[in-house]
Each structure stands twice: as structure tokens, then as C-alpha cells.
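Let's take a friendly walk through a protein model together.

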Amino acid sequence: MLEAPLDLLLLPTWLVPVEPAGVVLHEHGLGIRDGHIVLIAPRIEALKHQALEIRELPDHVLTPGLINAHGHAAMTLFRGLADDLPLMTWLQQHIWPAEAKWVDEAFVQDGTELAIAEQLKGGITCFSDMYFFPELASEQVHKSGIRAQITIPVLDFPIPGARDADEALRKGLTLFDDLKHHPRLKVAFGPHAPYTVSDDKLENIRMLAEELDAGIHMHVQETAFEVQQSLEHRGERPLARLARLGLLGPRFQAVHMTQIDEDDLALLVASNTSVIHCPESNLKLASGFCPVEKLWQAGVNVAIGTDGAASNNDLDLLGETRTAALLAKAVAGSATALDAHRALRMATLNGARALGLDEQIGSLEPGKSADLVAFDLSGLAQQPIYDPVSQLIYASSRACVAHVWVSGKQLLDAGKLTRLDEQRIIANARAWGAKIATK
């Protein structure tokens with residue numbers, strides 16, 4: 001029986017599979033069938049296979065799609081609203097009041113669509129979202145074609161869309177049931193932070209996460225003040241409290257972690273907990289520095305996130321990865337810390353592993369979903385090219401993103417969104433900005 005033709009054969013100048021680590025394949029082809037990678041072979045061999053479409057990508061490097069492992073998508077509509085303030089002032093005096101006034105179903109729909117469009121144009125094929133009205137964010141993900149982990153927001157006080165934590169969890173469990181067979185959507189629990197969620201609620205979340213085999217995504221030890229407060233009020237550090245409550249483990253995604261002592265490191269290693277590093281938000285809010293190289297050398301899985309556009313102020317994961325690589329060197333006091341290839345792995349396969357998706361995405365391997373991004377390295381600023389991964393991390397911007405595929409479907413073609421109306425989204429965002437600014 002003859003082999004079915006490929007749906008698409010991509011022929012880039014360079015192909016970076018990420019796994020195995022450190023490999024750059026020159027003049028290879030990647031074949032896609034039924035949304036999955038089915039072929040990676042030298043160009044001459046690849047061209048022997050029949051394909052419904054062949055796409056030449058000269059001067060392009062093809063990598064796995066970037067994975068934004070932490071963000072608050074709808075907060076794009078608060079971009080630039082309260083800049084240059086410390087975290088608790090920013091939260092308590094500006095963001096929480098703005099959310100109380102403005103966040104409703106329409107805000108989440110429009111803000112999430114804006115975030116998805118920005119992320120696709122920046123080469124992000126999967127993101128983790130931690131915000132209100134998760135069912136509406138899920139609808140936008142479904143329509144757009146992107147992949148996402150949507151988290152169920154849990155706090156000790158009323159939030160938009162839920163009067164209390166019990167209602168938030170009830171709605172979340174319905175969403176979990178509705179989406180359990182969705183090919184691109186995964187639901188996780190999103191308790192906000194140790195200082196906003198009580199022990200009984202955390203224990204309930206642990207029990208539900210175990211029962212449903214779901215992730216737990218949480219801001220942890222974002223600032224020295226948070227740790228100090230926990231020590232004063234509870235007599236233990238936040239991470240130690242989470243360990244005592246049984247939350248840490250392979251499903252747990254600890255976001256920020258700028259404050260890590262030796263006991264924290266031991267807990268992370270022993271529990272196989274992932275850390276989500278958000279360097280630019282941490283820098284802008286002066287929250288501290290996550291010791292990425294120390295974590296990596298200890299065997300902790302470290303992924304990368306942009307955080308929300310209200311504190312970053314962009315959803316540019318390539319730029320975030322460059323910042324992470326440079327900052328890791330300064331924090332470790334070593335120029336060899338977090339080299340370009342490991343930085344790319346942090347933005348792809350490590351993110352997939354943190355979200356429990358590493359069997360499906362994060363590397364270019366036969367059998368995995370065809371979530372891909374092609375970067376155009378033909379520009380002036382990328383020349384000459386000795387190592388395309390180094391040029392990508394240290395000399396390129398998201399303006400180099402040319403094409404994006406998720407599950408083999410092209411969502412960005414030559415820099416143009418194929419499913420989303422960019423001009424309508426911009427006009428929508430401007431309308432929100434004008435309305436919020438007047439108040």
C-alpha cells in the first residue's frame with residue numbers, strides 16, 4: 001500500500017528540533033500529515049515524499065512553537081495603566097480597583113483576543129492563562145486555533161465571575177468536564193498566591209487536582225516581602241507551607257520564585273516541581289531575581305512566561321527569553337550560564353513539560369503535534385550567521401516571526417494573521433483604552 005502524501009513539506013535552511021539538545025539541522029525538510037510531524041529528513045530525502053504542498057523557507061530557522069508558560073491574557077487591556085510602581089502598590093491601589101470597575105465578560109473576550117493575536121505574531125503557539133471568566137477565554141482559544149492551558153481562578157474573596165472560591169471551583173469543574181477532550185485546551189487550577197488563598201481551599205484544590213490529574217498554577221515567592229510576611233504570620237516560608245499541604249509535585253507550576261534559599265531548592269528538587277520564570281515583569285516591579293542557572297544545574301525544570309501586559313508590558317516571549325539568558329549570566333556571575341540553546345529549550349520543551357504537554361509539543365519530533373514557528377533570519381541585523389540559535393536569541397526580535405502553525409494549521413502567514421482580524425482587534429483595544437482613560 002502506497003504511503004499517503006504529506007499535507008505539507010517545509011524546507012527551511014535550518015531546523016532546530018530542541019530534542020536532542022544543541023542540534024541544528026542544515027537543509028532538512030519537515031513533513032506534516034493530519035496535524036502531526038511525520039518526517040524529518042535531509043532535503044534530498046524529504047523531496048522524495050509526495051506532498052500536497054511544498055513550502056520553501058530560505059534563510060529561515062524552523063523551531064518548535066514558543067510556549068508562554070505564564071500570563072494574564074485579558075490584562076492586555078490594562079497595558080501601561082499603572083507603570084513604575086512596586087508590586088503591592090501596583091496591585092492594591094491600581095490593578096485590583098481597575099479590575100473591580102472594568103472586568104466583565106466583554107473585557108475578558110476582547111482582552112484575550114488581543115493577547116492571542118499578539119502572541120501568534122510573536123511566534124507563541126501555546127500559552128498559560130490565569131484570569132477571570134476562564135470559560136470565555138477558552139472560547140477565544142477555541143476560535144483562534146492557538147493552544148492553551150486555562151486556569152480556574154481561586155482567591156479568598158469575590159472575583160469577577162464568581163462570588164467566592166466555591167463558586168469558582170464549581171464553574172471550573174464544569175469547564176474541565178466540557179473541555180476534557182479538546183485537542184488544544186487544557187484546564188488547570190489557578191490559586192492566585194499563598195497570601196490570597198487559605199489552607200482549606202488549597203487542600204481542596206490539591207484533592208481535586210489529584211482526582212482529575214490537573215495542573216496547579218500559582219504565584220509563589222514573587223517578592224522578599226511575601227516571604228517575610230509569611231514567616232511573621234505563619235512561621236514558615238510560602239513554599240514550605242505548600243509542601244506541607246501536599247501541593248508540590250510534577251503537576252505544580254511555581255510562578256516567579258525570585259526568593260529561593262537552600263531549603264526551597266531542596267523542596268523543588270525533591271518534589272519535581274516546575275518553576276516559571278518571568279524576568280521582565282520581575283525586573284520592572286523590582287521583585288527580585290530567580291536564580292535560573294542554579295535551578296537548572298540542580299535539575300529543576302525552568303520554563304518562561306511573560307506575565308501580563310499590565311506589568312511587562314508586552315507578550316514577547318522571544319524578547320523575554322533574551323532577557324532571561326542575559327539576566328541568568330549576571331545573577332550566576334558566569335558568562336556560560338543559560339546559553340542560547342538552553343534558553344530556547346526553556347521557551348519550548350521546558351514550557352511544555354511544566355504544562356504537562358511534553359508528549360505532544362515542545363520539540364520537533366515525529367509523532368508530535370506540528371506546532372511550529374519559522375523565523376526569517378535574512379535581515380541585516382542577523383548577518384553573518386554562525387549559529388542560527390545564537391542569532392535568534394541574541395540578535396533577533398519578534399519582527400522576524402514569519403510563519404506559525406498549530407496542529408499543522410497555519411495561523412500566521414508571512415506575518416499576517418490568517419484567522420483573526422488584526423485591524424478590528426486594534427480598533428476594539430483603542431475603544432477600551434479611551435473608555436478606561438476617561439475614568
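Where is the place of Ala286? Look at the loop between helix H10 and helix H11, and you will find Ala286 there. Before going on, please keep in mind that this is a predicted model. Ala286 has a relative accessible area of 69%, and because values over 50% count as exposed, Ala286 is called exposed. Now look for Leu85. In sequence, Ala286 and Leu85 are 201 residues apart, yet their C-alpha atoms are 8.8 Å apart in space.

Stay in this loop for a moment, because Phe289 is also found between helix H10 (279-284) and helix H11 (292-298). Phe289 has a relative accessibility of 46%, so it counts as partly exposed. Together with Leu283 and Val331, Phe289 makes a nonpolar surface patch of about 250 Å².

Side chains of opposite charge can pair when their charged atoms come close. Lys294 and Glu262 form a salt bridge, with 2.5 Å between the closest N and O atoms. This pair links distant parts of the chain: Lys294 belongs to helix H11 and Glu262 to helix H9 (residues 262-271), and the two are 32 residues apart. Lys294 is partly exposed, as its relative accessible area is 42%.

How many salt bridges does the count come to? The total is 28 salt bridges. One of them joins Arg43 and Glu56, whose closest N and O atoms are 2.7 Å apart. Here the partners are 13 residues apart, with Arg43 in helix H1 (residues 43-46) and Glu56 in strand E5 (residues 54-64). Arg43 is partly exposed at 26% relative accessibility, and Glu56 is partly exposed with a relative accessible area of 43%.

Another salt bridge brings together the side chains of Glu118 and Arg398, at 3.0 Å from N to O. Glu118 sits in helix H3 (residues 105-121), while Arg398 is in the loop between helix H15 (388-395) and strand E15 (401-406), so the pair ties together parts that are 280 residues apart in sequence. Are these two partners buried or partly exposed? Glu118 is buried, with a relative accessible area of 13%, whereas Arg398 counts as partly exposed at 26%. Salt bridges can also join up into a network, and the one linking Asp199, Arg234, Glu236, Arg241 and Arg244 is an example.

Next, turn to the strands. Strand E9 (residues 185-191) has seven residues, and six of them are buried, so this strand is largely enclosed by the rest of the structure. Strand E8 (residues 147-154) pairs with E9 in the parallel sense, over seven bridges. If you look along this pairing, you can find Pro153 opposite Gly190 in E9. To get from E8 to E9, the chain passes through helix H5 (residues 165-179), and this β-α-β crossover is right-handed.

Finally, step back to a longer span. An unreviewed UniProt entry places the feature "domain: Amidohydrolase-related" at residues 61-410. That span is 43% helix and 17% strand, and its end C-alpha atoms lie 16 Å apart.

Notes:
Residues are numbered from 1 along each chain as its sequence is written. This is a predicted model: local features need pLDDT of at least 70, side-chain atom pairs count only at pLDDT 80 or more; totals for chains, interfaces and linings use all residues. Side-chain values use heavy atoms; hydrogens and water are left out. Patches are made of residues with over 30% relative accessible area and no salt bridge: like charges are joined within 9 Å, nonpolar side chains (Val, Leu, Ile, Met, Phe, Trp, Tyr) within 5 Å. Accessible areas come from the Shrake-Rupley method with a 1.4 Å probe; for residues, only the protein chains shown count as cover. A salt bridge is a side-chain nitrogen of Lys or Arg within 4 Å of a carboxyl oxygen of Asp or Glu. Helices (H or I, at least four residues) and strands (E, at least two) are DSSP runs, numbered from the N terminus. Buried means under 20% relative accessible area, exposed over 50%, partly exposed in between (1.4 Å probe, protein chains only). UniProt positions are given in the numbering used here, feature names are shortened, and annotations may be inferred rather than shown by experiment. Two strands pair if DSSP finds at least two bridges between them. A crossover is right-handed if, with the strands pointing away from the viewer, the path from the first strand over the helix to the second runs clockwise.
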